[in-house]
Amino acid sequence: MPEFVHCLKCGSRLGEKEQEYMTYCSECVLNLNFQVTDLDMSRMSENLQKILDFFISDVNSAFNKDPAAISLLEVLTCYPGIKAVLIYRISHFFWELGMPFIPRYLSEIAREMTGIEIHPGAKIGHDFFIDHGGGVVIGETAEIGDNVTLYQGVVLGGVTTKRVKRHPTLGNNIVVGTGAKILGPVKIGDNVKIGANSVVVKDIPPNSVVVGVPGKIISRKGEKISRIDLSHGDLPDPLAITLSKINERLEFLENKILKEKRTKDEIEIYYGLDGEGI
């Protein structure tokens, strides 16, 4: 027997196409059929308090991570990353309540204002900061821990159209450089740096530095990265390291060949061409 999916509001059975992409029937969505009596008031109060707590940490992160931040007014009005995250916090609040349409519409407003797209279903921790932010995309099932910094062009994307966990999970104390792409339900451990324009498609263990396409672990350290970290551009170049090692090997072989040739010439000079010696 096929398993049917029903509208979370009115309980009517969704059509085959609606089941794949929707949790509410079209009528409930269009009518915004959402009753105040459906709300869990204690949970609502808890989520409202979270918005206030996150507001403080998100704004502080701008001052802690961007030396150009001067005043609170400037941060709230001129920082697209801050505006996008603050709107996300509100849209996520409505998303958690199960309200149809409104959360996605708010995320669309944020995208038009800032060029940053954060799905309201994503889960984001404290001290989150998007620097500049143009082109940043964070998918529905993405999960982000505390003290994470994303630079412009970062994508936390999915690799399937199925309604499953399809976006990355990031731990704590992570810096993702400009243009990096993290794709699929991969897990990024704590204290990780991901270099600019890297493409990560596999899990990354804690305390790692990742660069390249596809992303490769260049180094691992037992020490944590600092909470205020802007050195995402100061990362090793795997191609340069490889070429350097090849060059060292070539020099070693060349010197060895020249040494053997000199030794052979010295022997021939000492013994003469006939081998009888001088």
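## Ser208 and its surroundings

Leaving aside neighbours within four places in sequence, Ser208 is in contact with Asn191, Val192, Lys193, Ile217, Ser219 and Arg220, where contact means heavy atoms within 4.5 Å. This is a predicted model, in which local features need pLDDT of at least 70 and side-chain atom pairs count only at pLDDT 80 or more, while totals for chains, interfaces and linings use all residues. Residues are numbered from 1 along each chain as its sequence is written, and side-chain values use heavy atoms, with hydrogens and water left out.

Ser208 is found in strand S14 (residues 208-211). Helices (H or I, at least four residues) and strands (E, at least two) are DSSP runs, numbered from the N terminus. With a relative accessible area of 1%, Ser208 is buried; buried means under 20% relative accessible area, exposed over 50%, and partly exposed in between (1.4 Å probe, protein chains only). The side chain of Ser208 reaches the backbone oxygen of Pro205 at 2.9 Å and the backbone oxygen of Pro206 at 3.3 Å.

Arg166 has its place in the loop between strand S7 (155-157) and strand S8 (169-170). Not counting residues up to four places away in sequence, Arg166 touches Glu140, Thr141, Gly157, Gly158, Val159, Thr160, Gly184 and Pro185.

Gly184 lies in the loop between strand S10 (181-183) and strand S11 (187-188) and is buried, at a relative accessible area of 2%. Beyond its neighbours within four places in sequence, Gly184 is in contact with Gly157, Gly158, Val159, Arg166, His167 and Pro168. From C-alpha to C-alpha, Gly184 and Gly139 are 10.0 Å apart in space and 45 residues apart in sequence.

## Salt bridges

A salt bridge is a side-chain nitrogen of Lys or Arg within 4 Å of a carboxyl oxygen of Asp or Glu. By this rule the count comes to five salt bridges. One of them joins Arg89 to Asp58, with the closest N and O atoms 2.9 Å apart. This pair links distant parts of the chain, since Arg89 is in helix H5 and Asp58 in helix H3 (residues 41-65), 31 residues apart. Arg89 counts as buried at 6% relative accessibility, and Asp58 counts as buried at 0%.

Arg166 and Glu140 also meet through their side chains in a salt bridge (2.7 Å, N to O). Arg166 lies in the loop between S7 and S8 and Glu140 in the loop between strand S4 (137-138) and strand S5 (143-144), so the pair ties together parts that are 26 residues apart in sequence. Arg166 is buried at 13% relative accessibility, and Glu140 is buried at 13%. A further salt bridge is formed by the side chains of Lys165 and Glu143 (3.5 Å, N to O). Here Lys165 is in the loop between S7 and S8 and Glu143 in strand S5, 22 residues apart. Lys165 counts as partly exposed at 33% relative accessibility, and Glu143 counts as partly exposed at 33%. Salt bridges that share partners join Glu140, Arg163 and Arg166 into one network.

## Helices H5 and H6

The axes of helix H5 (residues 80-97) and helix H6 (residues 102-114) come within 8 Å and cross at roughly 175°. Axes are lines fitted to C-alpha atoms, for helices over the stretch in contact, and angles run from 0 to 180 degrees between N-to-C directions. H5 and H6 are therefore roughly antiparallel to each other, a term for angles over 145 degrees.

Among the residues of H5 that meet H6 are Ile87, Ile90 and Phe94, and among those on the H6 side are Leu106, Ala110 and Met113.

Note on methods. Angles under 35 degrees count as roughly parallel, over 145 as roughly antiparallel, 65 to 115 as roughly perpendicular and the rest as oblique. A polar contact is a pair of N or O atoms within 3.5 Å; within protein, one must be able to donate a hydrogen and the other to accept it, and residues adjacent in sequence count only if both atoms are side-chain atoms.
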